[in-house]
Amino acid sequence: MAKRIFSGAQPTGNLHLGNYLGALRNWVALQQEYESLFCVVDLHAVTVPQDPRHLAAKTKEVARIYLAAGVDPRVSTIFIQSDVKEHAELAWILNCVVRISELERMTQFKDKARKQRENVLAGLLTYPALMAADILLYQTDLVPVGQDQKQHLELTRDLAERFNRDFGETFRVPDAFIPKVGAKIMALDDPSKKMSKSDENENGRISLLDDADAIRRKFKRAVTDSGTDVRFDESRPAVTNLLSIYQLLTGQTPEQIEAHFAGKGYAQLKNDLAEATIEFLRPFQERVRGIGDEELSRILSEGAEKARAIAAETLREVKSRMGLVGA
């Protein structure tokens, strides 16, 4: 029997090139090897205030991006988190298993709480319990995650093991899948930090739905290092980041890329990278626009139905183990 993977993205901000090269591209490859569930995690989004209309629109946009990137609904299960009520129900149960001290240690909570201070919502603190519920509901074997989510996955593993110890073998303990190539694309304005959809400076990222003019403008403003040689060099992180993106988009080897840019400057690198990105994203953006509301609704409805069948079975066992037998 094929192993199962689960992953998802929040419908906040704009999904960017780093999300594609570090996550979506891998989902498309993994779905051929594993039983795959890919979710738009809208319940996670409301851990901070959201405009309802904007959230609804972004949720559909993210689902379209999954499909346009190559996630195949005939092979994978694609659904909206809030369409499967078992996510919220298991999250509450896991809130009664996790310890507050464990939640307060989460780096993402500490970072966001520091920024928001007295306006922090309780959901932001218990976010990792909901993430654990997302994963454990589907008896997941592998979770494709970035380095920033690895701590949350470790907590998920701890909660699964604790529940199994206290109530009997119930959950599969998941492992992380972190791709070796393209897992971390850095910001164009600061190569010391990851490209992020929550970054206030839009010039730090190439959004997947950016038009050609925006892409050229952002690469033109991208920071570079001292020196003039265009080559891969860990001591020059800004140029190496740009070259890594070029490599991932074109499929060329580092040797081919360095030969191509020999004797050329940073301006040529930025120009060629912008054009490669525009060409790479053009068919993707056409596919996004070509997915109608009716088709999207059908795919998401079918996906939710498949997800509910698995989730309901897991939750029944969880409740039985805990003595939550109902009427």
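Because the model is predicted, local features need pLDDT of at least 70 and side-chain atom pairs count only at pLDDT 80 or more, whereas totals for chains, interfaces and linings use all residues. Residues are numbered from 1 along each chain as its sequence is written, and side-chain values use heavy atoms, with hydrogens and water left out.

Helices and strands are taken here as DSSP runs numbered from the N terminus (helices H or I, at least four residues; strands E, at least two), and two strands are said to pair if DSSP finds at least two bridges between them. Strand 1 and strand 2 pair in the parallel sense over six bridges; within strand 2, Ser-36 is the bridge partner of Ile-5, and Val-40 is that of Ala-9. The chain passes from strand 1 through helix 1 (residues 17-30) to strand 2 in a β-α-β crossover that is right-handed, a term meaning that, with the strands pointing away from the viewer, the path from the first strand over the helix to the second runs clockwise. Strand 2 also runs parallel to strand 3, to which four bridges join it, and Cys-39 has Phe-79 of strand 3 as its bridge partner.

Burial is judged by relative accessible area (buried under 20%, exposed over 50%, partly exposed in between, with a 1.4 Å probe and protein chains only). Five of the six residues of strand 1 are buried, so this strand is largely enclosed by the rest of the structure. Strand 2 (residues 35-40) is likewise mostly covered, with five of its six residues buried.

Helix 3 (residues 52-69) has 18 residues, which at 1.5 Å a residue should span 26 Å, and its end C-alpha atoms are 26 Å apart, which agrees; the expected span is 1.5 Å times one less than the number of residues. Among its buried residues are Leu-55, Val-62, Ile-65, Tyr-66 and Leu-67, as well as Lys-58 and Arg-64. Gly-70 follows helix 3 and has a positive phi, near 120°.

With contact meaning heavy atoms within 4.5 Å, and not counting residues up to four places away in sequence, Tyr-66 touches Gly-8, Ala-9, Leu-24, Trp-27, Phe-38, Cys-39, Val-40, Val-71 and Ile-78. A nonpolar core is a set of buried Ala, Val, Leu, Ile, Met, Phe, Trp, Tyr and Cys residues joined through side-chain atoms within 4.5 Å. In the largest such core, of 53 residues, Leu-17, Tyr-66 and Leu-208 touch the most other members. Helix 12 (residues 266-290) gives the most to this core, with nine residues. Apart from it lies another core, of 41 residues, which includes Leu-103, Leu-130, Met-131 and Leu-159.

Helix 4 (residues 86-95) has Glu-86, His-87, Leu-90, Ala-91, Ile-93 and Leu-94 as its buried residues. Seen down the helix axis, these fall within an arc of 160°, so they line one face of the helix; the arc is that of the directions from the helix axis to the C-beta atoms. The buried residues of helix 4 pack against strand 1 (4-9), helix 2 (42-45), strand 3 (77-80), helix 7 (122-136), helix 8 (150-167) and helix 13 (293-322). Glu-86 counts as buried because its relative accessibility is 6%, and, leaving aside neighbours within four places in sequence, Glu-86 is in contact with Leu-137, Arg-308, Ala-311, Ala-312 and Leu-315.

Most residues other than glycine have a negative phi. Gln-139, in the loop between helix 7 and strand 4 (142-144), has a positive phi, near 50°, and at 12% relative accessibility Gln-139 counts as buried. Ser-192 lies in the loop between strand 5 (175-177) and helix 9 (212-221) and, at 62% relative accessibility, counts as exposed. From C-alpha to C-alpha, Ser-192 and Leu-249 are 21 Å apart in space and 57 residues apart in sequence. Lys-220, in helix 9, also counts as exposed, at 68% relative accessibility, and its C-alpha atom is separated by 7.3 Å from that of Asn-271, 51 residues apart along the chain.
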